[in-house]
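Look at the fold below with its parts in mind.

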Amino acid sequence: MSGSRTVTIGLLGFGVVGQGVWKNIEQNRSALEKRLGVHLSISKIVVRSLDRERAIQVPRQILSEDPDSILEDPTIDIICELIGGTDTALDWTERALKAGKIVISANKALICEHGESLFQLARKHGGHYLFEASVAGGIPIIKTLREALVANRFNLIYGILNGTSNYILTRMEREGLSFDETLGDARKLGYVEADESLDLDGIDAAHKVVILAYLAHGKWIQLKDIICEGIRSISSEDIEIANQLGYKIKLLGIIARDFKTNALSVRLHPSLISKSETVASVDEVYNAVSVTGDVVGTTVLIGRGAGQDATSSSVISDIADAVSLLKGTSSIDRFNEVGSLSDDEKRVELAKSEVLESRYYIRFKVRDEEGVLAKLSNIMAQYHISFATVNQKELSDGSALIMVTTHSTYEASILSACKDIKEATAVLEDPVSIRIFDPSTH
Ligand code: HSE
């Protein structure tokens, strides 16, 4: 390796992921440098406080509290933005891209909200914006979609994109625990983001869905325009009934495109999914992404969707791509974000959620008295909703849970029926509806 070029890297942020990048480059340095044909030097790390205790020790002189020590240093080839958030991260990323740098990011929120302008900025100034670690941690889904599966048009991409939610649902299922009981453990294990809403209300997974939809279909979708529901309303009874009916409940991101009508359905919500699907068997903090392409068929990728090592594996994979770009040997210019999509492919319309058609599971908490079930089914019939299964659980306080599944119907019909049912006097709580997802009909 003597005589090889040295590639210089600056890390903005030295938290869990930043320290993982340092640790894993050091651990595999000789193999990595041999593979890449360069020396790698992390020459500067910007931190919020120099005095903070860190698990990974680095030479004191490369730490700085001043972002300019990276952003204004012309000798730095690659900048990794690993601070998260969308304020300072946006400012620093824009500055780095305006300087024509290669910027690597694990920041799904930033890409989801500002990806369109950041990619434009990279193009304009001759830089690059690489983001493998932003979706599904260590699973190489970005590279897979852009490079390995370039021969395909994607009818369906769906999967589990939030490890924390998957952990909670898995514990609820295995131990019959409530959401709140399991959440406590997830917090203790450090799985839940500081802003809990990101995990529990589906926002983190929805950010990832938006990025995948852009990669696969070339359209930036606003979070406000899609169904985004987390797992807070799921109960152990829902999981139990789902199990009896042959389903698991998973928080699924779904990107379905009808190439005949060019309608694109993008959504993130808890779903009942048949136990026979591979994705349904992916438990605990693992993520899974199922990709169906018109050439390859269905491919499922499963792996660690978060955590220091898995995420830093993806950041280092982007560093490797950045090295190829610097050496002029990269093929990724060819795939620069969605450069590989034709205008025709990018011509899609986001489908309105009301026209979504699926089977549903619905739970009603009602007064346990005569005529209540008849009243519910009358309202459902008014909206042409037909029951497929009906289960009832008597509770000790004179109430009952009625849990039904329906035949295929429209989202708009379910919303209207649930609204009417909510107003019925015997109904004690807002009905909870969960879509049943069938990959063969999506
Ligand atoms: N909070 C995320 C998860 C981590 O649970 O999957 C990375 O996005």
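This is a predicted model: local features need pLDDT of at least 70, side-chain atom pairs count only at pLDDT 80 or more; totals for chains, interfaces and linings use all residues.

Residues are numbered from 1 along each chain as its sequence is written, and side-chain values use heavy atoms, with hydrogens and water left out.

The domain assignment gives domain 1 (6-130 + 309-342), domain 2 (141-305) and domain 3 (354-437); such bounds come from an automatic or database domain assignment. The centres of domain 1 and domain 2, taken over C-alpha atoms, are 27 Å apart. Between these two domains, 16 residues of domain 1 are in contact with 17 residues of domain 2, where contact means heavy atoms within 4.5 Å. About 1,500 Å² is buried between domain 1 and domain 2, 67% of it on carbon and sulfur atoms. Buried area is the accessible area (1.4 Å probe) that two parts lose on being put together, summed over both.

Two packed helices are described by the angle between their axes and the distance between the axes. Helices here are DSSP runs (H or I, at least four residues), numbered from the N terminus. Their axes are lines fitted to C-alpha atoms over the stretch in contact, and angles run from 0 to 180 degrees between N-to-C directions.

Helix α4 (residues 88-98) packs on helix α5 (residues 108-125) at about 15 degrees, with the axes 9 Å apart. That angle makes α4 roughly parallel to α5, the term for angles under 35 degrees. Among the residues making the contact are Leu90 and Leu97 of α4 and Leu118 and Leu121 of α5. By class, the contact of α4 with α5 has seven nonpolar, three polar and two charged residues. Ala, Val, Leu, Ile, Met, Phe, Trp, Tyr, Cys and Pro count as nonpolar, Asp, Glu, Lys and Arg as charged, and the others, Gly among them, as polar.

For helix α6 (residues 141-148) and helix α10 (residues 203-217), the axes come within 10 Å and cross at roughly 10 degrees. The two are therefore roughly parallel to each other. Ile141, Ile142, Leu145 and Arg146 in α6 meet Ile211, Leu212 and Leu215 in α10. This contact has six nonpolar, no polar and one charged residues.

Helix α14 (residues 372-382) and helix α15 (residues 411-423) have axes that come within 9 Å and cross at roughly 150 degrees. That makes α14 roughly antiparallel to α15, a term for angles over 145 degrees. Leu376, Ile379, Met380 and Gln382 of α14 make the contact with Ala417, Asp420 and Ile421 of α15. These residues divide into five nonpolar, one polar and one charged.

How values were computed: Angles under 35 degrees count as roughly parallel, over 145 as roughly antiparallel, 65 to 115 as roughly perpendicular and the rest as oblique.
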